Structure formats: C-alpha cells, structure tokens
Amino acid sequence: MNDKLIIFDTTLRDGEQSPGASMTRDEKIRIARALERLKVDVIEAGFPAASPGDFESVEAVARVIKDSTVCGLARALDKDIDKAGEALKSAQRSRIHTFIATSPIHMQMKLQMQPEQVIEYAVRAVKRARQFTDDVEFSPEDAGRSEEDFLCRILEAVIDAGATTLNIPDTVGYSIPQQFGATIANLIQRIPNSDKAIFSVHCHNDLGLAVANSLAAVMNGARQVECTINGLGERAGNASLEEVVMAIRTRKDVFKCETRLDTREIMTCSRLVSSITGFPVQPNKAIVGANAFAHEAGIHQDGVLKNRETYEIMRAEDVGWAANKMVLGKHSGRNAFKSRMTELGFEFASEEELNEAFFRFKQLADKKHDIFDEDLQALISEVSFETEDEHTKLIALKVCSETGEVPNATVTLRVEGREMTGTSSGSGAVDASLKAIESIVDSKATLELYSVNSITNGTDAQGEVTVRLELAGRIVNGSGADTDIVIASAKAYINAINKLQTSNKRQHPQKGDV
Ligand code: KIV
Ligand code: ZN
C-alpha cells in the first residue's frame, strides 16, 4: 500500500504574494472551486489579518468549499490567530497555519528575539489556534537556514502544544535536494514525538530547485507538499503543483506515495490562474506549457505514432490537455453556454450577470468561429472584474496605422460615470492607444511589462495582453483579451488602472515585526 501524500495548495496565499498577482474575492472563489475540483487536500485561502479584504476572501472561500480543508495563515500573534479562526468559522474543515522565523538571521534582524522567546511565541500561538480547530500547522520560517538542533527543540515543543502538521519552509530557496532531504529525515528521526505530526515542506524556487527539494523531502518522509498552480509565488515562485503531482504519479515506483488529485483538472486550473493573475505560462513549462506534449521532430512523431510510450512518459489527456477542445460556437444557446461555464467552475451570481456574459459570448462568436474553454475563461475574467471594481471603462477606440505614417489613436473612456475622449500619436498602434488612455487618466504609473500571448491557435485567436504598472511602490498586473490585440492592450491597461484605483492596503505576512 502506498502512503497518502497531502497536497496543500497555496496559490491564493503565497501565489498572491507575487508582485502584481493580487486577486479579488470573486477571483479567489473561482480558483478555490477549481482547486476543489482538482481535489487538493488543503487550500490556503489567504492571510486574514492582512486587510479587511483578505479577511473577507478567506471567509468567502471557507463558506463555499466543502470538500477540501480551508486554511488561513497567521503570524504567531494572538490577533492574527483570532482573525484566522473567525474567518474560517463557517468552513466544513478548517486549518490554522501559524509561523515564526527560526533562522539566526531572521531571529536577530527581523524579530529581534532570543531563541527561547521564539519558542514561547510558537507554543502560545499553536495553543491559541487549537481553541479554534483541531487542525493546526506550524512553520519555522526560514527553516532552510535554521540550525537543526533549534528546529528539533521548537518542533518538539509545538507538537506537545497541539500542532498536527509541521511544515519545513525553504523560505529563501537556499536548499539543495540531497541536503534538504537529509534535514527532513533527521528531524523525523531526532524529534521524540515526531510520530504525532505530519511533516510537510514548502519550497521556494530561487535556485530553480523547489520541485526537486520537495521531492527529496518526500523520499525522506515528508507526507505533505505545499505548492502552487504554475509555480506562482513570492519572487521566483513556489514548487509547482502540477510538476510535483505528476512526478509522484509517474514515478510511484520511486516515491511509494499517492495523491488523491484528479489530474485531468490541472490544465483548467493552470489556465484559470494564468488568466486571473496575468502571469503567462512559458511554452516549455513542464506539464502545462503549450509545448509540453507537442512532438515536433519527425523522428519523434514517427515513434509516437507507432507506440506513444517511445517518447511520452505521461498522457496529455491525464493532465487535461484533451479537454482543450472546441466547446461552443455561434449557434450555441444560453443553456449550453451556462452549463459549460458551470463545468468550468463559474457560477453566475444573478440572471443579469449571466445575460451580460452571454451577450459578450455572442459578440465573440460573431468574430471567432470556434470558442474554446480558454476563450470562455478570458471572457469571464473581464465580466467579473467589471461588475466588481470598474472605475474606468473603455467605450470606444479608433486607431489609424499605415505604412510610412505616424500611428494615431483616439480613445473614449467612461471615468466615474463621465465620458472623456483623448487622442495621441505613438510609435505603433498599441503605443498610441495607451498614450491616448494616459492623456485622460493621467495615472503617473510606470509601465513595467507588456506582453501578448495568443490564447488559442489561428489568426482569429484572441490575444491576451498583460501589462504591469507600478505606482509609488505598488505593482499591479492588468490583463485583457480580444481578437484585436490593440483593443486587448487597451483593455489590459485599463484593467491595471482600475486595480491601481482600488485601495489595497495590506500587511505582508512575512515582512512585519513577527
Ligand atoms: O516561505 C515561507 O516561509 C512561507 C511561510 C509563511 C510558510 O510562506
Ligand atoms: Zn512561502
């Protein structure tokens, strides 16, 4: 019998700590629902003490998710733990994840605490969390650079205090697989009460080793892996869920573990997270990249046609690539549209919202013959954002672009209910359009990134544009999709401007005092 490996997804918490990846409450609910269909064991829904908005998001996810455990992060502070407990009140199954830093550099420089004091905080936090739930996780932050003897002491103490999961984070992505695996084995062996808790790992990807470190830990006794869809996360990201899960599944012979995930839902989750956060997936990314299952060289194709196992170690359909099919078209009715949206995990809040989305779908189907799941996800991202936080809306865009002439754009926006028009020239159609928008909104933001990706194939495909804006240290990503990439660019820019206007003062969990 293989052991069960618990998959803890932190896309909504650590993933959201990527610059510009912040998500609205409704977007988090959509991702949480997709994760539940993927059958992840634990969904870390956020850090409730960060802001009232974060609290509400965790509360909302806790209300709708029935099958997965919903987890809230809390520093080792009474006020954080109480907030997490309160936000998780209506969850079917809840977990509080509390943490405090344990490496010499973090204890001295960030916490300015003595090691004994850190143990006291940790024990107190775990005991307090146990008043809200029996499922309490403790993380010694920066464990990858902590002393093993100290880790043994603090972990033994928190197990006695009631922690049921001990998560070992490689917070700064410093560890190397062989050494990280050995640390996990040593902790399990040296801590006298280690059999009373599940050992977990949480690896960052600064050296590109997050998945390798996580798998080394599994080989040495870890039975929970914390990861994110598409490897999203702080800096270089976290261990990628799809890579960890497919490695465990494909090499059961080595890991002797199993997850309960329905891997056919991986692609849907990947696309959804990418479209909501505006973080595109690189084509050569394992499992979910556009080339992951594409066979180009003739010799490979010939081998695959004769026997697919000559060059394939996994089947594309097992991770949901087969679901990448044409689903709807111009003649599809409202019911077909609604039921496909439900299958994709989207529930309309009202008839009005369904009508608006269906109207947009019809408009798109007039321009584009085949409508794929990716098109529907992009469409719904736009509709949901508009119903929530739309201060500025695109009304019309006209662009003149001709060889030998300077491109010129005229844009009409509705800003806080008032229609305004602006004109600008530019080095190209996109540049002119974004400058025309700026002539109206005057955001003073700096454009840090602009990228275009084709959502599906063909010249009639929608282009999905991502822009990243920075203003006074705040970074937001905006995305927009359209069969016309100039319009998609304008939508993406306006989406980012709207996000900048939405107030979002939040506490970063790892950058405060404790
Ligand atoms: O990377 C880290 O250490 C974390 C902790 C909060 C677990 O994200
Ligand atoms: Zn982390």
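These legends walk through a few close-up views of a predicted model. Local features need pLDDT of at least 70 and side-chain atom pairs pLDDT 80 or more, while totals for chains, interfaces and linings use all residues. Residues are numbered from 1 along each chain as its sequence is written, and side-chain values use heavy atoms, leaving out hydrogens and water.

**View 1. Threonine 277 in helix 11.**
Threonine 277 lies in helix 11, residues 266-277 (a helix is a DSSP run of H or I, at least four residues, numbered from the N terminus). Beyond its neighbours within four places in sequence, threonine 277 is in contact (heavy atoms within 4.5 Å) with Gly20, Ala21, Met23, Leu232 and Asn477.

The whole structure holds 0 disulfides (pairs of cysteine sulfur atoms within 2.5 Å). Cysteine 269 is in no disulfide either, with the nearest cysteine sulfur, in cysteine 227, 11 Å away. Cysteine 269 is buried at 2% relative accessible area.

**View 2. A pair of phenylalanine rings.**
Here the ring centres of phenylalanine 337 and phenylalanine 358 are 5.6 Å apart (rings of Phe, Tyr and Trp, its six-membered ring, pair if their centres lie within 6.5 Å).

Definitions and conventions
Chains lettered and ligands numbered in written order. Helix = DSSP H or I, 4+ residues; strand = E, 2+ residues; numbered from the N terminus. Buried < 20%, exposed > 50% of the residue type's maximum accessible area, 1.4 Å probe, protein only. Phe/Tyr/Trp six-rings, centres within 6.5 Å; stacked < 30°, edge-to-face > 60°.
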